[in-house]
Amino acid sequence: MRLDLKEIQAHVNNKEIYQKGIEIYKNGLIKNITVQYNKHTNCSLLIGEITKYTAIATFDEAKQKFVRFHCDCVVLTKNNEICPHMAAALIAAYYKEHPEETLEEPKPDQLVSDAEQLTQFYSND
């Protein structure tokens, strides 16, 4: 799959779910991740085994969109949106294809508290 992390986050389209996916990935809960490309359909098939769930996605490479996704969990079934397990599988697939990259935590000096943000916002008036 030709997706970078920003594109994955855009497809997940929910910061909390994306963050839970990162936590699942960081905590080593991914048992197996497989990505297969089919040149006849120009689609990639992602199969991720995460703890007791299996996340499966079909991604159309030409259209750069998911044509199908499924997970055994209640979140996906109930809301029909990408769940944390699918997000974790996508993140794991990205890092499997880009082993030279690592998931970096923000450095303490990069973090700005809510109070600092409000102060900066109002001081610009």
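Tutor: Buried means under 20% relative accessible area. Keep that cut-off in mind for this predicted model.

Student: Why is cysteine 71 called buried?

Tutor: Its relative accessibility is 1%. The cut-off is under 20%, so cysteine 71 counts as buried.

Student: What makes cysteine 83 buried or exposed?

Tutor: Cysteine 83 has 0% relative accessibility. That is under 20%, so cysteine 83 is buried.

Student: How do you know how many disulfides there are?

Tutor: Two cysteine sulfur atoms must lie within 2.5 Å. By this rule the count is 0. For cysteine 71, the nearest cysteine sulfur belongs to cysteine 83, 3.7 Å away, and cysteine 71 is in no disulfide.

Student: Which residues have the most contacts inside the largest nonpolar core?

Tutor: Ile8, Leu46 and Met86 do, in a core of 30 residues. The elements giving two or more residues include α1 (5-12), β2 (43-50) and α4 (84-97). The largest share, 10 residues, comes from α4.

Student: What does leucine 46 touch?

Tutor: Leaving out residues up to four places away in sequence, its partners include Ile33, Val35, Ile56, Met86 and Leu90.

Student: What pattern does the chain follow?

Tutor: Along the sequence it reads α-α-β-β-β-β-α-α-α. That is 5 helices and 4 strands. Of its 125 residues, 32% are buried.

Definitions and conventions: Residues numbered from 1 in each chain as written. Predicted model: local features only at pLDDT ≥ 70, side-chain atom pairs only at ≥ 80, totals over all residues. Heavy atoms only, no water. Core = buried A, V, L, I, M, F, W, Y, C linked by side-chain atoms within 4.5 Å. Buried < 20%, exposed > 50% of the residue type's maximum accessible area, 1.4 Å probe, protein only. Contact = heavy atoms within 4.5 Å.
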